[in-house]
Amino acid sequence: MISFNSVGEVLEELRKISDFVIIGDTIVDLLLKRKGTESDVDIFPTEISAIAEGEKYRELAEEKNWDFGSTPIDTPRIIVPVEEGQLQIDIYDNIQDFFVPQEILNSAEEMKIGKFTFKVIRLEDYILLKVNAYREEDEDELKGILYYIAEGKLKINKDYLEKHIELFEENANSIKERLKDIGFRLS
C-alpha cells in the first residue's frame, strides 16, 4: 500500500504543471478513510490538455528521474518510486471512448491527501464514469461499492446520481440499465 502522504507529495509536484481533478478509485480509498492506496491514481488536468501538452509531463518525469509511458488510450503515465514502492499516475483527457463531462470536473470536492488538498470527483460521478466505461473490472468495482453502501460505509446521493446521468447524453439510457442490472436503485 502506498501511503497518502507519498501520494500527496507526488501529486503536489504534478500540480506545478496543471491543476487537476482526481477521477479514479482513489475517491473510494479516501471515503473509506484508508491510510493509502493499492491502486494507481487517475487525474484529469483542468488547465492543459494531457494529449496536446503531454510533453510537459515527460519533461517533469525526466527532471525527477521518474519513468514515463502511456496509458492504454495513449495519454501520459508516470511511475514514481516512493518509499512504499511504485506509484503509478495516469493522466487522462477526453479522447476516444474516454469521456469526463465538464460538470463532473466542476462538481469535484476538495479532499486532503497527505499534507495537501486536491480536487476529487464525487463518489456518484465516479460510479457514473465506471458504468459508462463498463469494462469487466468496472462491474466488480461497482459491486464492491454497492456492498460498502449496503454496509453503511459509503453513502450516495441518488438525486445527484440520477441528475448527472443526463450528462452522458446518448449513453444515459444504457447507464440507467447498467446501474439497475448491478443493483443500484434509482428513485
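Two strands count as a pair here if DSSP finds at least two bridges between them. Keep that in mind, because strands pair through backbone hydrogen bonds, either parallel or antiparallel. One caution before we start: this is a predicted model.

Let's begin with the sheet. Seven strands make an open sheet. Their order is E5-E6-E7-E4-E2-E9-E8. The pairing is mixed. Which strands sit at the edges? They are E5, residues 67–70, and E8, residues 109–113. Each of these pairs on one side only. On average, neighbouring strands of the sheet are turned by 40° against each other, with direction ignored.

Now the helices on that sheet. Helix H1 covers residues 4–14 and packs on the sheet. H1 touches E2 (20–22), E4 (41–45), E6, E7 (85–91), E8 and E9 (116–120). The direction of H1 makes about 75° with that of E9. Then there is helix H3, residues 55–64. H3 lies across E4, E5, E6 and E7. Against E5, H3 runs at about 155°.

E6 spans residues 76–82. E5 and E6 run antiparallel, joined by four bridges. Take two of the partners. Ser-70 is bridged to Pro-76 in E6. Asp-67 has Ile-79 of E6 as its bridge partner. On to the other neighbour. E6 and E7 are also antiparallel, and six bridges join them. Val-80 stands opposite Leu-87 in E7. The link from E6 to E7 is a hairpin through two residues.

Is E6 enclosed or open? Five of its seven residues are buried, so E6 is largely enclosed by the rest of the structure.

Back to the E5–E6 hairpin. Five residues lie between the strands there. Among them, Asp-74 takes a positive phi near 65°. Thr-75 also sits in the loop between E5 and E6. Is Thr-75 buried or exposed? The cut-off for buried is under 20% relative accessible area. Thr-75 is at 1%, so it is buried. What does Thr-75 touch, leaving aside neighbours within four places in sequence? The contacts are Ile-51, Gly-69, Ser-70, Ile-91, Tyr-92, Asp-93 and Ile-95. Ser-70 has come up already, as the bridge partner of Pro-76. For a sense of scale, Thr-75 and Phe-116 are 41 residues apart in sequence. In space they are 25 Å apart, C-alpha to C-alpha.

Let's move to helix H5, residues 123–133. Of its 11 residues, 10 are buried, so H5 is largely enclosed by the rest of the structure. Which residues are they? Leu-123, Glu-124, Asp-125, Tyr-126, Ile-127, Leu-128, Leu-129, Lys-130, Val-131 and Asn-132. And what do the buried residues of H5 pack against? Other helices: H2 (26–31), H4 (102–106), H6 (136–151), H7 (158–165) and H8 (172–182).

Tyr-92 is among the contacts of Thr-75. Lys-130 is one of the buried residues of H5. Which element gives the most to the lining? H5 does, with five residues. H5 and H6 each supply at least two.

Last topic: backbone angles. Most residues other than glycine have a negative phi. Asp-74, with its positive phi near 65°, we have seen. Here are two others. Tyr-134 lies in the loop between H5 and H6. At 25% relative accessibility, Tyr-134 counts as partly exposed. Then Lys-33. This residue is in the loop between H2 and strand E3, residues 36–37. Phi of Lys-33 is positive, near 60°. Is Lys-33 buried or exposed? With a relative accessible area of 71%, Lys-33 is exposed.

To recap. The sheet is open and mixed, with seven strands. H1 packs on it, and H3 lies across E4, E5, E6 and E7. H5 is largely enclosed, and H5 gives the most to the lining of the largest pocket. Thank you.

Terms used: Residues are numbered from 1 along each chain as its sequence is written. This is a predicted model: local features need pLDDT of at least 70, side-chain atom pairs count only at pLDDT 80 or more; totals for chains, interfaces and linings use all residues. Side-chain values use heavy atoms; hydrogens and water are left out. Axes are lines fitted to C-alpha atoms, for helices over the stretch in contact, and angles run from 0 to 180 degrees between N-to-C directions. Contact means heavy atoms within 4.5 Å. Buried means under 20% relative accessible area, exposed over 50%, partly exposed in between (1.4 Å probe, protein chains only).
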